[in-house]
Amino acid sequence: MYTQHNTTLETLKSLRGESLQAGGQSKIDAQHKRGKLTARERIDLLLDEGSFEEFDMFKVGRGGSLSNSAAFLGDGVITGHGTIDGREIFVFSQDFTVIGGSLGEAHAQKICKVMDLAVNVGAPIIGLNDSGGARIQEGVDSLAAYGEIFLRNVRASGVVPQISAILGPCAGGAVYSPSITDFVFMAEMSSYMFVTGPNVVKTVTHQDITAEALGGADIHAKKSGVAHFTAANELLCIREIRHLISYLPSNNKKKAPFLDLLDPPDRTDPALDYLVPEDTNKTYDMYVLIYSVLDGAEFMEVQPKFAGNIICGFGRLGGQTIGLVANQPAVLAGVLDRDASYKAARFVRFCDSFNIPLISLVDVPGFMPGPNEEHGGIIRHGAKLLYAFTEATVPRISVIVRKAYGGAYLVMNSKHIHCDVNYAWPTAEIAVMGPKGAAEVIYRKEIQASADKNAFLKQKMEQYREAFANPFLAAKRGYIDEVIFPHATRHRLIRALQFLDGKAVNGPDRKHGNIPL
């Protein structure tokens, strides 16, 4: 704990040692027994070796009116900057060994300082969260401190990438800062997030539930969609943060770093010519196409456990980072529902904020029908994705692989909402709806009057399929730029990205639009 010292070199050495010791060896040992790393160990793993430069090592808080304990140097959070793969990064790491990592006035001032610097310098900000929440002893000062952080999260949004790692508890008002950031990582079995904890839940609803079941990594990865990435432990979690940074630009004025994986741009894959089954009712795995076309078959998927009927993530084409959105016919036939629409919309808006070109691989039979979806707001959620794609000014390329029906076709980055380049495979089907539904609507009276209703319906379905179960009518109308051979998809995408590199769009003069949140 902090004591008075004379200003000498020995004093400096003593104070540094005191700050490095944080809450004391017993608290550090307790942190390790929980299977958790210390705040400094996390920073050492995250940043390039020897690159970390610390700020406010000796900062202490004023203490609240209920506080009987002396102040700790650093006030429970380590802040500063360093590099990841040589690129500047700002970081804060909450120290659970100091008053449970709780957030007080000085604690927040340190975080706010590095957030301000990150925006001014134009570098990503990474927060390693492990905190018991607001420091109750400081009363309203701790609440005001959270507000200052939230304000900076919003102001930094779309300016520099913001990444949060939840490596312990994160409860109450503390959850709102990570939820505003661009990506949330969680370590399995050692981290949790919730607004109200198990005790409050039991008091209000009389329901017994554990912290893990209420807000653990698995819950937020699969059900709520709050967590974008999860890992088995902290080491893997931090490694994945470094991996994500490799795909991202430092700020909204720059492009993502170019990385040549020595994968020939003109490489073809003959197997793609046979990927889509002849029977349109049979499924296939969209990951086969994704891994085939991307450089080095490398793909970092975002929210892989949430809304599996749509796939979002980062990859490279010709060395350039791209954001990929693809329907997954192997899950719910690739239909768009509420969760899929929200998931893709937020990803699209991130990519557009940070100059990352967007590529969509389309095989969508429509929006999910039923009262649950309608009552749950599928109209509003589907409109989010429509809004996000339409608003995006980065290069936008679309490949229609098979089904592209109805409003879902329009929403999935179609030419009609000003996609820059759209290709179609010969297997593409572009229509208002599927053959069966269309025939039942168009020939409803004739089907009822027919002696053999099934045979008549089948005949009309075949007629509709012949007319629309191919991309050539749309190509004749100019709605498709080119019908391409599947095996050449990678080469065509890379060439399109090359000529779209200088794309510039001036939007309307307005403060901001009103996306249907």
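**Questions on a predicted model**

In the protein, residues 24 or more positions apart account for 72% of the contacts with a separation of 6 or more. The model is predicted.

Student: How many helices and strands does the protein have, and what share of its residues count as buried?
Tutor: The fold contains 20 helices and 17 strands. Buried means under 20% relative accessible area. Among the 517 residues of the protein, the share that counts as buried is 50%.

Student: How far apart are the mean positions of the positive and negative charges?
Tutor: The protein has 53 positive and 56 negative charges. Taking the mean position of each group, the separation is 5 Å.

Student: Which helices do Glu234 and Arg42 tie together?
Tutor: The structure holds 25 salt bridges, and one of them joins the side chains of Glu234 and Arg42 at 2.8 Å, N to O. The two residues are 192 apart in sequence, so their pairing ties together separate parts of the chain. Both Glu234 and Arg42 are buried. Glu234 lies in α10 (residues 234–245) and Arg42 in α3 (residues 39–46), so the helices tied together are α10 and α3.

Student: How many residues apart in sequence are the parts tied together by Asp501 and Lys255?
Tutor: Asp501 forms a salt bridge with Lys255, with the closest N and O atoms 2.7 Å apart. Asp501 lies in the segment after α20 (489–499), whereas Lys255 lies in the loop between α10 and α11 (286–293). Asp501 is partly exposed, at 44% relative accessible area. The pair ties together parts whose separation in sequence is 246 residues.

Student: Which helix holds the partner of Glu391?
Tutor: The side chain of Glu391 meets that of Arg349 in a salt bridge of 3.1 Å, N to O. Glu391 is in helix α14, and its partner, 42 residues away, is in helix α12. Glu391 counts as partly exposed at 27% relative accessibility. Arg349 is also partly exposed, at 32%, and its helix is α12.

Student: Which side chain of opposite charge is nearest to Lys384?
Tutor: Lys384 sits in helix α14 (residues 378–391). Beyond its neighbours within four places in sequence, Lys384 is in contact with Ala345, Ile515, Pro516 and Leu517. Lys384 is buried but has no salt bridge. At 8.8 Å, the nearest side chain of opposite charge is Asp339.

Student: Is Val441 buried or exposed?
Tutor: Val441 is found in helix α16 (residues 435–442). With Val432, Met433 and Ile442, Val441 makes a nonpolar surface patch of about 380 Å². Exposed means over 50% relative accessible area. The value for Val441 is 58%, so Val441 is exposed.

Student: Where is Ile99 found?
Tutor: Ile99 has a phi near 50°, which is positive in a residue other than glycine. Its relative accessible area is 30%, so Ile99 is partly exposed. Its place is the loop between β3 (87–94) and α4 (105–121).

Student: What is the phi of Asn355?
Tutor: Asn355 is found in the loop between α12 (338–353) and β13 (358–364). Asn355 is partly exposed, with a relative accessible area of 30%. Although Asn355 is not a glycine, its phi is positive, at about 60°.

Technical notes
Residues numbered from 1 in each chain as written. Predicted model: local features only at pLDDT ≥ 70, side-chain atom pairs only at ≥ 80, totals over all residues. Heavy atoms only, no water. Patch = residues over 30% accessible without salt bridge, like charges linked within 9 Å, V, L, I, M, F, W, Y side chains within 5 Å. Areas by Shrake-Rupley, 256 points an atom, 1.4 Å probe, with all protein chains shown as cover. Salt bridge = Lys/Arg side-chain N within 4 Å of Asp/Glu carboxyl O. Helix = DSSP H or I, 4+ residues; strand = E, 2+ residues; numbered from the N terminus. Buried < 20%, exposed > 50% of the residue type's maximum accessible area, 1.4 Å probe, protein only. Contact = heavy atoms within 4.5 Å. Lys, Arg positive; Asp, Glu negative; His and termini not counted. Charge placed at Lys NZ, Arg CZ, Asp CG, Glu CD.
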